[in-house]
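Please read the following briefing alongside the sequence and the coordinates. It treats helix packing, charged pairs and the nonpolar surface in turn.

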Amino acid sequence: MSVQDDLTTVQRCLDDLARSVGRLEQQLGTGGLEMRRVRADADHLRESVALLRESAASPAAQRRPELVSIPDTPYDDSLWIDTDDEGLGARDRRAP
């Protein structure tokens, strides 16, 4: 299956979930905290799948991020002048 087919299948399942939640609301009422949480969670899932569908459709999703190489050579010691050692404070003062 392609990504679009999988997303369509997920969308159908979410539509079924929304219908089932609607039926539960009719039977149990919408005032309870649990029912509101279930409705909110179902709505968040629908929003998340919509965002996922948009990102999968864009050509930028197919592109891999550019890798940045980090050299193994040590950093220049002048970068650390006037810095504090984490948790120890400045080099010319005593630690608390």
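The points below are grouped by topic.

This is a predicted model, in which local features need pLDDT of at least 70 and side-chain atom pairs count only at pLDDT 80 or more, whereas totals for chains, interfaces and linings use all residues. Residues are numbered from 1 along each chain as its sequence is written, and side-chain values use heavy atoms, with hydrogens and water left out.

**Helix 2 and its packing**

- Helix 2 (33-57) has 25 residues and reaches 36 Å from its first C-alpha to its last, close to the 36 Å expected at 1.5 Å a residue, the expected span being 1.5 Å times one less than the number of residues; helices (H or I, at least four residues) and strands (E, at least two) are DSSP runs, numbered from the N terminus.
- The buried residues of helix 2 are Met 35, Ala 42, Val 49 and Ala 56, where buried means under 20% relative accessible area, exposed over 50%, and partly exposed in between (1.4 Å probe, protein chains only).
- These buried residues pack against helix 1 (3-28), contact being defined as heavy atoms within 4.5 Å.

**Salt bridges**

- The structure holds four salt bridges, each defined as a side-chain nitrogen of Lys or Arg within 4 Å of a carboxyl oxygen of Asp or Glu.
- Within helix 1, Asp 16 and Arg 19 lie three residues apart, about one turn of the helix, and they form a salt bridge whose closest N and O atoms are 2.1 Å apart.
- Asp 16 is partly exposed at 40% relative accessibility, and Arg 19 is likewise partly exposed, with a relative accessible area of 46%.
- Arg 39 forms a salt bridge with Glu 25, with the closest N and O atoms 2.9 Å apart; this pair links distant parts of the chain, since Arg 39 is in helix 2 and Glu 25 in helix 1, 14 residues apart.
- Glu 25 is buried, with a relative accessible area of 18%, whereas Arg 39 is partly exposed at 22%.
- Arg 39 also meets Asp 43 in a salt bridge (4.0 Å, N to O), and salt bridges that share partners join Glu 25, Arg 39 and Asp 43 into one network.

**Nonpolar surface**

- Ile 70, Tyr 75, Leu 79 and Trp 80 make a nonpolar surface patch of about 510 Å²; patches are made of residues with over 30% relative accessible area and no salt bridge, like charges being joined within 9 Å and nonpolar side chains (Val, Leu, Ile, Met, Phe, Trp, Tyr) within 5 Å, and accessible areas come from the Shrake-Rupley method with a 1.4 Å probe, only the protein chains shown counting as cover for residues.
- Trp 80 is found in the loop between helix 2 and strand 1 (84-85), and it is partly exposed, with a relative accessible area of 43%.
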